[in-house]
Amino acid sequence: MEGFIIIIINIILFFCLSERPSLIIVVTVTIVNREYNSAYEDIESPRSRALILELDVILIPFCRRRFPRFRRIRYKRFFFGSLGIEYDLEFDPSTNATNATVADEFVNANTTSDLQFLQFGRVSAVEAEPTILPTGTLATPSSGKSGKRYSIQLLMSQVWLFEIGNLLDREKINNNHS
């Protein structure tokens, strides 16, 4: 029985810990050949949505070509400074992308036609800190889909390990009384 429980523990740990949250790199850029519009203050405004669609047509194919493990882009805000943009690039956890490689790719793209008509000025890229939740805390919707799944898996693994520990304790008590 004890060997069986150890196998179950290993299976649970493998599945629960093999799913890591996505790598998120926060990118801040200025586009020097575009002008900021006050309508961009609301990321959900029709003008912002139109700009996001325009950027998606350029940035998504660019990211897919340059970063094989790229998943998606999430625009967070637009700001003044010609046109400033802050967005999250989401990657598979197994990606080789780093802050430096992301920033370099965008800077180097200025000398190619990969960004079509966009001309980037200042570019910065910073890895977002992963969200580590306290034991027993479920992720909130704002912490992202992958973070929520990861937190629930960790919570479930703790429940299973607790129950398996109880089974082992009961088995030892029963063996001592026999």
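User: Where is the kink in helix 2 centred?
Analyst: On Asp 56, in this predicted model. The kink there is about 35°.

User: How many residues does helix 2 have, and how far does it reach?
Analyst: Helix 2 has 21 residues. From first C-alpha to last it reaches 30 Å, close to the 30 Å expected at 1.5 Å a residue.

User: Which residues of helix 2 are buried?
Analyst: Ser 48, Leu 51, Ile 52, Leu 55, Ile 58, Leu 59, Phe 62 and Cys 63.

User: What do they pack against?
Analyst: Strands 1, 2, 3 and 4, plus helix 3.

User: Back to Ser 48. Why does it count as buried?
Analyst: Because its relative accessibility is 0%, and buried means under 20%.

User: What is Ser 48 in contact with, leaving aside neighbours within four places in sequence?
Analyst: Ala 39, Tyr 40, Asp 42, Ile 43 and Phe 78.

User: Switching to charges. How many salt bridges are there?
Analyst: The count comes to twelve. One joins Arg 71 and Asp 92, with the closest N and O atoms 2.4 Å apart.

User: Where do Arg 71 and Asp 92 lie?
Analyst: Arg 71 is in strand 2, and Asp 92 is in the loop between strand 3 and helix 3. So the pair ties together parts 21 residues apart in sequence.

User: What about Glu 90 and Arg 72?
Analyst: They form a salt bridge too, with the closest N and O atoms 2.8 Å apart. Glu 90 lies in strand 3 and Arg 72 in strand 2, so this pair ties together parts 18 residues apart in sequence.

User: Is Glu 90 buried or exposed?
Analyst: Glu 90 is buried, at 8% relative accessible area. Arg 72 is partly exposed, at 39%.

User: Which residues do salt bridges with shared partners join into one network?
Analyst: Arg 71, Arg 72, Arg 74, Lys 76, Arg 77, Glu 86, Asp 88, Glu 90 and Asp 92.

How values were computed. Residues are numbered from 1 along each chain as its sequence is written. This is a predicted model: local features need pLDDT of at least 70, side-chain atom pairs count only at pLDDT 80 or more; totals for chains, interfaces and linings use all residues. Side-chain values use heavy atoms; hydrogens and water are left out. Helices (H or I, at least four residues) and strands (E, at least two) are DSSP runs, numbered from the N terminus. The expected span of a helix is 1.5 Å times one less than its number of residues. The bend at a residue is the angle between axes fitted to the seven residues ending there and the seven starting there. Buried means under 20% relative accessible area, exposed over 50%, partly exposed in between (1.4 Å probe, protein chains only). Contact means heavy atoms within 4.5 Å. A salt bridge is a side-chain nitrogen of Lys or Arg within 4 Å of a carboxyl oxygen of Asp or Glu.
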